[in-house]
Amino acid sequence: FFVSSEPHRGSSGPDSSMRLLLALAAAVAPAAGLNLQMPALRGQTGLTDARFGGKKLVVVTGTSSGLGRKTAAALLRTGKYHVVGAVRDLDKMEVVAEVDGFDPDLFTPMHCELNSFASVRAFVDELKEWKAAKPVDRLICNAAVYQPSLPYAKWSEDGHEQQMQINYLSHFLLTSLLLDDLAKAPGARCVFVGSVTGNDNTVGGGGVYPIADLKKLDGLKLGAKNPISMFDGYNFDGAKAYKDSKLCLMMTSNLLHDKYAKQTGIAFSSIYPGCIAESPLFREKRAWFRKYFPIFMKYITGGFVGEEEAGMRLFQVAHDPRCSKSGVYWSWNGGPREGRGEGALERDGQILGGGGAGGGWDSIYENDQSDKVLNKETAADLWKFSSLVTGAEWPAANQPKSPCPTLKVVGAVAKAMNAQEEARRKAAGHAGSMPGQGLAGMAEADDTVGGGTAGAAGGGGGGAAR
């Protein structure tokens with residue numbers, strides 16, 4: 001709103017009434033929560049149009065190898081996206097981009113070391129300065145490390161177990177820093193690469209030891225910092241740390257959907273693209289495993305999927321209009337496990353139908369999630385303590401409200417009256433003035449008696465929580 005700078009001439013006509021209304025609106029706006037910000041500068045808009053030409057802006061972590069590399073290639077082939085590749089090694093990314101023929105006018109690599117919260121924040125600062133007024137249309141949280149064979153934890157720059165920080169905590173922070181940008185883009189999407197290993201209602205997640213389980217998050221509640229390596233507070237297990245990180249990502253996707261999908265219009269989802277048995281993700285496994293695991297997954301279980309196909313699947317969730325639905329765990333139909341044998345050899349391991357990892361564009365479906373993924377109490381604690389550990393800040397999770405100006409003005413008055421009434425009632429005495437009584441007191445006593453593995457470890461500076 002802009003109010004005329006001409007001196008008031010005492011007119012009682014329409015101009016005077018309009019000035020009065022505008023002045024009233026300006027006075028009421030802060031209390032009513034109205035946003036009267038000026039629009040973006042024209043110079044910024046011109047720069048955005050020249051750089052992006054109407055293309056959607058996509059941020060993908062981990063585009064220098066594996067799934068992220070193939071996803072970036074699929075996005076670029078459409079000519080409809082400008083992809084920012086958030087990578088640890090810019091030199092490697094430069095070579096990959098040249099080998100794969102990434103169009104330099106449509107692909108921009110930027111440094112982002114997910115092993116460091118400071119690097120994540122620096123990446124977001126660089127991105128926002130570079131893109132100017134252009135909002136982020138897609139955020140694809142893909143990058144991950146897998147360290148199943150380590151007998152001990154490796155620590156990030158911030159003192160957290162590496163798999164949990166790179167795979168989960170840094171993506172949690174990154175999402176918080178880009179949420180406002182995503183909210184400015186029509187039809188924005190935020191996609192997390194989950195895993196069957198984090199979903200224990202499947203054979204791959206519930207039938208293969210160790211099983212993902214955050215328990216009561218005792219380790220995270222103590223900061224999940226060296227020497228506390230696991231979110232559950234128990235001893236380090238490299239394979240479980242990876243699975244737990246994927247469980248965290250899938251739970252976070254659901255919670256983001258609950259909090260912000262209606263408010264912002266962003267579609268939050270997670271996916272399992274299939275078992276990419278020949279991916280660099282398994283580079284830290286033993287040589288015999290890297291040799292025979294793809295054969296087993298391809299010809300015996302039917303769970304194998306190549307990097308190219310997996311990249312197309314992640315691309316589909318970012319691109320396909322059917323995937324604009326929020327709160328979904330996307331998967332793809334495959335085929336039956338029976339009768340693999342010679343038939344599998346003849347088809348080079350490819351299968352179709354319900355149940356396996358095969359299937360193309362039209363085989364996508366909304367998969368079921370396990371009780372652990374859907375546990376809202378654990379998810380609430382995960383959100384709270386992950387925010388404390390990373391320093392992530394989130395907007396209030398307000399649901400859409402009526403745009404009626406009268407409601408905003410009357411609501412502001414009612415809010416002030418309600419505050420006065422609550423102050424009066426509180427002065428007369430309330431339950432909070434009786435500490436140690438009721439359910440809260442019982443819970444405190446239970447915590448004191450229960451202790452727990454992580455609590456004991458935290459007090460002694462290590463032990464079982466290493």
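**Figure 1. Packing of helix α4.** The buried residues of α4 pack against α3 (66-78), β2 (81-87) and β3 (107-111). A residue is buried when its relative accessible area is under 20% and exposed when that area is over 50%, with partly exposed in between (1.4 Å probe, protein chains only). Packing is judged by contact, that is, heavy atoms within 4.5 Å. Helices (H or I, at least four residues) and strands (E, at least two) are DSSP runs, numbered from the N terminus. This is a predicted model, in which local features need pLDDT of at least 70 and side-chain atom pairs count only at pLDDT 80 or more, while totals for chains, interfaces and linings use all residues. Residues are numbered from 1 along each chain as its sequence is written, and side-chain values use heavy atoms, with hydrogens and water left out.

Figure 2. In α4 (residues 90-100), Met93, Val96 and Ala97 are the buried residues. Seen down the helix axis, they fall within an arc of 100°, so they line one face of α4. The arc is taken from the directions that lead from the helix axis to the C-beta atoms. Asp91, Glu94, Val95, Glu98 and Val99 are exposed on the other side of α4.

**Figure 3. The ends of α4.** At the start of the helix, a side-chain oxygen of Asp89 comes to within 3.1 Å of the backbone nitrogen of Asp91. A polar contact is a pair of N or O atoms within 3.5 Å; within protein, one must be able to donate a hydrogen and the other to accept it, and residues adjacent in sequence count only if both atoms are side-chain atoms. Gly101 follows α4 and has a positive phi, near 75°.

**Figure 4. The sheet of eight strands.** The sheet is open, with mixed pairing and the strand order β3-β2-β1-β4-β5-β6-β7-β8. At its edges stand β3 and β8 (364-366), each with a single partner strand, so one side of each has no neighbour in the sheet. From one strand to the next, the twist averages 25°. Two strands pair if DSSP finds at least two bridges between them. β5 (residues 189-193) and β6 (residues 267-271) pair in the parallel sense over five bridges, and Val193 has Ile271 of β6 as its bridge partner.

**Figure 5. Helices on the sheet.** α4 packs on the sheet, where it touches β2 and β3, and its direction makes about 165° with that of β3. Axes are lines fitted to C-alpha atoms, for helices over the stretch in contact, and angles run from 0 to 180 degrees between N-to-C directions. Helix α11 (residues 307-319) runs at about 155° to β5.
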